[in-house]
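Biologist: I would like to learn how to read a model of this kind, one feature after another. Could you give me the general idea each time and then the case at hand?

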Amino acid sequence: MNPIHKITRQSLLQLVPRTRKARIVSAGAVFLSMCAFGAIGVAPIAPDPADMPVTSIEQSLELPNLADQIAALQQNEQQFIHEERIRPGDSLGSLFNRLGVDDADAQKFVRADKTARRLLSLKTGKRVQAETDENGLLLSMRATFTDGKGGDARLVTVERKGDGFVATEAPAKLERRVEMRSREIQTSLYSATDSNVDGGSMPDSVVGQLIEMFSTNIDFRSDLRRGDRFSVVYETFWLDGEQVNTGRILAGEFINRGVSYQAVWYEDPLTKQGGYYSLDGKSLKKAFLKSPLEFSRISSGFSMRVHPISGKWKAHKGVDYAATTGTPIRAAADGVVDFAGNSGGYGNQVVLKHWSNYSTAYAHMSRFAPGLRKGSKVSQGQVIGYVGSTGWSTGPHLHYEFRVGGQAQDPNKFKSLAQQPLSQAELARFRMAAAEMNHRFSLMAPSGNAMAAR
């Protein structure tokens, strides 16, 4: 056989792909190969850095005059900021010494001015900041107080103005944070809340709220068991990196004997009235208080009796609570004032209209709460007046009536009445908030724990 093969037209045709798809792929490959060889041919060749010219530049720089800088600094007044915490037995003089304040006029002003004098009542551990000049003269001083009405934080500031000082008090601009804590009970509830297992103990105010939230389902004196767990999501308020106040519990979960009780705070954006609800939107608060007086005794119940003035046998359509004159009277439920004034035999009386067809009446008051008038909105537990003996009364007491459709009923039959349910729109908004809190509970729960929820 001849080792030299001649390329004939027939053999070239055999190299051409037979299918259309194969021919397109082959043509593309040939085109890309030609482009690659062309790029190599036209690509410029970078010059060798060793062949490039080097230029040296020399320039004299004038150094700054240090003596002038020192003189300029000495001409400017230096200001210093000091921070200290109140110690047991501190006086204003000892505090000023630690703050670097050497200013007799400032001490005199703090002791004399009504607002500035609040600095003398700071509790142990509270922080105080002072700004002084290089001679120790006080330029400004400030501290935060949280013992005002409602626990609101107030910022007291003393500032130098010319040759004197000015003291001001204003609401502190606080940073709101949301904290989550989870604990397991080993010995007692309070030992668990005081534990630092996650970096911090829980404030006593949060513990009190937790007990109040779940007291209708859990008897905290006898029902707690070792291994019970609870989780809380609550507000804290901070100023300059220091916690100055604790707010409301936003959500809580308590697992008692394997059963999980959950509650979420919800506040209606229109009425601004809020309360705690279970995850399915049912209110945990009872619709009506057991008694409109905190401490009292029932002197006459809802029954037939001999009227103390007329001497006739007739129905007593309310409950009388014996109490001293001036005892605060609380609204039994959220509502609107339907009547506030003198009503003959009832004396000074307040009638509150609640949801649905429920209403309550409070009679024989000595006086009404300030600002109470027809159309005013009241919340459950709000003081609406004070016990007296006006009208047909033989002594100071509160006559309380519970009415359904305008007719007096025995209030003991409605003690377990649930609060007004959420509307469909409110329920939709609530479910969004509840879903977020439920997710937080999942993050804090131990893995593998499946509990029945109530």
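This is a predicted model: local features need pLDDT of at least 70, side-chain atom pairs count only at pLDDT 80 or more; totals for chains, interfaces and linings use all residues.

Biologist: With which residue does the side chain of Glu83 meet in a salt bridge?

Modeller: The general idea is that side chains of opposite charge can pair when their charged atoms come close. Here the side chain of Glu83 meets that of Arg127, at 3.5 Å from N to O. The pair links distant parts of the chain, since Glu83 belongs to strand β1 (residues 79–85) and Arg127 to strand β2 (residues 127–133), 44 residues apart. Arg127 counts as buried, because its relative accessibility is 14%. Glu83 and Arg127 are also linked with Arg85 and Glu242 in a network of salt bridges.

Biologist: How many salt bridges does the structure hold, and which others would you show me?

Modeller: The structure holds 16 salt bridges. Among them is the one between Glu84 and Arg87, at 4.0 Å from N to O, where Arg87 is partly exposed with a relative accessible area of 45%. Another of them joins the side chains of Asp338 and Lys374 at 3.5 Å, N to O. This pair, too, links distant parts of the chain, with Asp338 in strand β16 and Lys374 in the loop between β18 and β19 (377–378), 36 residues apart. Asp338 is partly exposed at 38% relative accessible area, whereas Lys374 is exposed at 59%.

Biologist: In what order do the strands of the open sheet that contains β1 and β2 follow one another?

Modeller: Strands of a sheet pair through backbone hydrogen bonds, either parallel or antiparallel. In this sheet the 5 strands follow the order β1-β2-β3-β4-β5, and the pairing is antiparallel. The edge strands, β1 and β5 (164–171), each pair on one side only, and neighbouring strands are turned by 15° against each other on average, direction ignored. Between β2 and strand β3 (residues 138–145) there are 5 bridges, and Glu131 has Ser140 in β3 as its bridge partner. Helix α5 (residues 104–112) packs on the sheet, touching β3, β4 (154–161) and β5, and its direction makes about 45° with that of β5. Helix α4 (residues 92–99) lies across β1, β2 and β3, running at about 130° to β1.

Biologist: Which strands pair with β17, and is β17 mostly covered or uncovered?

Modeller: Strand β17 (residues 348–353) is mostly covered, with 5 of its 6 residues buried. Strand β16 (residues 335–342) runs antiparallel to β17 and is joined to it by 6 bridges, with Asn342 opposite Asn348. Strand β18 (residues 358–368) also pairs with β17 in the antiparallel sense, over 5 bridges, and there Val350 stands opposite Tyr362.

Biologist: Which residues take a positive phi in the two hairpins?

Modeller: In the hairpin of β16 and β17, with 5 residues between the strands, Gly344 takes a positive phi near 60°. In the hairpin of β17 and β18, with 4 residues between the strands, Ser356 takes a positive phi near 55°.

Methods
Residues are numbered from 1 along each chain as its sequence is written. Side-chain values use heavy atoms; hydrogens and water are left out. Buried means under 20% relative accessible area, exposed over 50%, partly exposed in between (1.4 Å probe, protein chains only). Two strands pair if DSSP finds at least two bridges between them. Axes are lines fitted to C-alpha atoms, for helices over the stretch in contact, and angles run from 0 to 180 degrees between N-to-C directions. Contact means heavy atoms within 4.5 Å.
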